[in-house]
Amino acid sequence: MKTYGNHRTLLLPKERLPLKESNNTTLSQKINGMNESILSLWVLSSPLLLILISLYSRTQSGASCLGIKQGLRLASGVNFLTATLGGFLVWQFGTVDSLRLGGSLGLEIRLDTLSLLMFSMIAVLSWVIFRFSIGYLEGDNRHGLFLGRMALTVASVQLLVLAGNATLLWLAWVGTSLALHRLLVFYPGRHKAQMAARKKFIMARFGDLFLGGALLLLYVGTGTDQLSGIFAAATSGTLAGGIQEGAALLLVLAAIFKSAQFPTHSWLVEVMETPTPVSALLHAGLLNAGPFLITRFAIVMDGTTVGPAFLIVVSAFTALFASAAFLTQPSVKTALGYSSAAHMGFSLLSAGLGVYAAAMLHMVAHSFYKAHSFLSSGSVIDQVRTQRVAMPKRMKSPVRIAASLFLSFAICWGIAMLLGVSPLENPALLVVGTLVMLGLTQLFAPVMDSRRSGRALAIAMGLSAAVATSFFVLEGTMHRYLGTQVPAHASAPGWMQVLMYTVLVVFSVAILLQVLAPTAKAYPFWHRMGIHLRNGFYANSVLDSWLGTFRMEQPLTVPQPKLATPPSQPTPSTPEEVAV
């Protein structure tokens with residue numbers, strides 16, 4: 001493949017490529033045009049079919065929606081075929097940009113390793129969620145309309161990850177929000193869901209404005225809305241520094257609002273009255289738009305300062321805050337909401353540090369985990385009620401607990417050194433890996449802070465080493481897979497090293513406090529902190545007052561019973577007469 005400006009020419013081996021044909025058009029140009037036509041036809045067939053199903057669902061009424069169910073089954077198969085075709089095209093030709101449909105302001109599809117990864121993940125998740133949804137509201141008169149709205153939402157997400165120019169990217173970004181809103185308000189009688197949907201709608205509009213501003217800046221700075229042209233300008237250095245910094249900051253703000261980062265997260269933990277498939281689609285799919293956006297524009301983000309720094313601060317705080325709030329929630333779905341905000345924070349933190357492969361790896365793993373968590377939330381409750389994990393009796397020794405933290409550090413850094421991860425050449429990857437390994441302190445602490453045998457400690461160390469090895473190997477595999485779609489690993493500038501090591505210290509202290517929590521139950525201060533965390537430090541109430549959400553609340557009215565008085569008797573006027 002050769003690149004000339006913004007145009008690609010696909011070349012066959014020389015022995016099969018004649019120099020010219022009679023019409024003065026090379027065979028390579030014909031093959032290029034043919035491949036682009038196939039790409040436009042087949043890759044777009046998946047979202048177009050889902051859009052047609054959504055339109056058809058609006059014409060159906062009643063509980064019978066057999067045609068819509070069959071259409072979703074067909075669409076799931078087409079999704080897998082499209083992903084297979086896309087994989088072949090990317091493997092054969094690398095990055096492929098389709099023909100532009102609709103002129104200079106038309107739509108363009110881009111197939112590369114990143115879009116193929118996201119599209120394949122959506123194909124699998126949508127297949128599972130569609131199967132669950134087909135039987136979820138069986139017999140409901142609006143079942144077909146619900147399935148149609150689900151199809152439209154999935155189609156919008158597919159167009160978002162396949163977008164090859166700024167116009168389609170922005171339209172799909174807005175479309176995902178509007179389609180999701182129709183699902184969140186599916187039951188008008190569920191007032192709490194309506195309130196949460198209103199907050200989500202307002203937050204999404206801010207995200208739309210920020211993304212639109214970023215894309216407009218990039219268009220002004222490069223003169224093109226094609227993603228390939230924007231990336232080429234950012235790589236060559238022809239994009240002005242001020243425009244690049246401004247666009248990066250606006251992209252970060254758009255991702256923060258889209259992925260429910262603090263303080264825009266309140267709607268995510270309050271939207272639990274929606275149907276379970278909607279929750280699964282939201283947490284496993286649409287929240288990923290933030291990390292995807294930052295990774296898609298990784299070449300633009302690379303070399304900027306303000307945007308990544310702001311993203312690191314906000315996402316790190318969100319990950320820490322939401323994780324702590326998650327541990328205090330009595331409701332399973334509310335806990336899962338805080339969990340999703342924390343996971344999105346960690347993905348965005350990894351992207352802000354420049355470890356985009358780790359961000360994508362974590363995002364894919366979280367998507368499948370969270371879809372399973374919501375779709376099986378009922379059975380999980382039953383299992384928790386019938387199972388209790390036997391924990392060893394703790395000695396409550398601060399020295400032993402601190403030793404468990406340092407052991408996690410030692411295993412992580414030792415495995416990293418063996419695998420060739422240098423703290424000087426790639427400190428960001430080492431910090432992200434250490435943050436992952438900090439979670440294993442929960443595995444070491446009960447063992448080291450008890451009278452367990454050395455065999456138990458050896459098992460814990462072996463599991464930790466396996467986790468560390470898996471993380472660094474999988475991150476390296478993902479980085480090689482993404483290839484040129486993300487910048488290569490490089491040493492971090494001074495300001496980023498200060499930020500990343502500050503984040504590492506703060507997270508380490510938080511882990512120590514969590515491990516020491518069982519020993520602090522008797523202290524009133526920590527008891528009050530647990531109550532404040534359960535209420536999310538009341539950030540939801542502050543946001544509600546700003547947005548006027550409280551004005552939507554319906555007053556609680558208790559119907560008063562009416563005492564019927566026989567018409568032949570006078571109305572009693574005293575308590576004695578009532579008693580008689």
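This is a predicted model: local features need pLDDT of at least 70, side-chain atom pairs count only at pLDDT 80 or more; totals for chains, interfaces and linings use all residues.

Student: Is the peptide bond from Phe262 to Pro263 cis or trans?
Tutor: Most peptide bonds are trans. For the bond from Phe262 to Pro263, omega is near 5°. That bond is cis.

Student: What is phi of Ala260, and is the residue buried or exposed?
Tutor: Ala260 also lies in the loop between α9 and α10. Most residues other than glycine have a negative phi. Phi of Ala260 is positive, near 55°. At 0% relative accessibility, under the 20% cut-off, Ala260 is buried.

Student: Which residues does Ser315 touch, not counting residues up to four places away in sequence?
Tutor: Ser315 lies in helix α14, residues 306-326. Its relative accessibility is 1%, so Ser315 counts as buried. With residues up to four places away left out, Ser315 touches Gln261, Gly345, Leu348 and Leu349.

Student: How far apart in space are Leu183 and Arg149, C-alpha to C-alpha?
Tutor: Leu183 lies in helix α6, residues 166-184. Leu183 has 0% relative accessibility and therefore counts as buried. Beyond four places in sequence, its contacts include Phe146, Arg149, Met150 and Val278. Leu183 and Arg149 are 34 residues apart in sequence, yet their C-alpha distance is 6.5 Å.

Student: How many residues of helix α12 are buried?
Tutor: Helix α12 spans residues 289-296 and is mostly covered. Its buried residues include Phe292, Leu293 and Ile294, and Arg296 is listed with them. The count of buried residues in α12 is eight of eight.

Student: Why is α12 called roughly antiparallel to α16?
Tutor: Two packed helices are described by the angle between their axes and the distance between the axes. For α12 and α16 (residues 356-375), the axes are 10 Å apart and the angle is about 155°. Angles over 145 degrees count as roughly antiparallel, so α12 is roughly antiparallel to α16.

Student: Which residues of α16 make the contact with α12?
Tutor: The crossing of α12 and α16 is left-handed. From α12 come Pro291, Phe292, Ile294 and Thr295. By class, this contact has six nonpolar residues, one polar and no charged. The α16 side consists of Tyr356, Met360 and Met363.

Student: How do the residues of the contact of α19 with α21 divide by class?
Tutor: The axes of α19 (residues 427-438) and α21 (residues 454-482) come within 10 Å and cross at roughly 145°. This crossing is right-handed. Among the residues that meet are Leu429, Leu430 and Val432 in α19, with Phe471, Phe472 and Glu475 in α21. The classes are nine nonpolar, two polar and one charged.

Student: Which element has the lowest mean pLDDT, and which the highest?
Tutor: The mean pLDDT of the protein chain is 79, with 77% of its residues at 70 or more. Over residues 1-25 the pLDDT is below 50, and this stretch has 37 contacts beyond near neighbours in sequence. Residues 554-580 are also below 50, with six such contacts. The lowest mean is 37, for strand β2 (residues 7-9), and the highest is 94, for α12.

Methods:
Residues are numbered from 1 along each chain as its sequence is written. Side-chain values use heavy atoms; hydrogens and water are left out. Helices (H or I, at least four residues) and strands (E, at least two) are DSSP runs, numbered from the N terminus. Buried means under 20% relative accessible area, exposed over 50%, partly exposed in between (1.4 Å probe, protein chains only). Contact means heavy atoms within 4.5 Å. Axes are lines fitted to C-alpha atoms, for helices over the stretch in contact, and angles run from 0 to 180 degrees between N-to-C directions. A crossing is left-handed if the near helix is turned anticlockwise from the far one by less than a right angle, and right-handed if clockwise. Ala, Val, Leu, Ile, Met, Phe, Trp, Tyr, Cys and Pro count as nonpolar, Asp, Glu, Lys and Arg as charged, and the others, Gly among them, as polar. Angles under 35 degrees count as roughly parallel, over 145 as roughly antiparallel, 65 to 115 as roughly perpendicular and the rest as oblique. pLDDT is the predictor's confidence in each residue, from 0 to 100.
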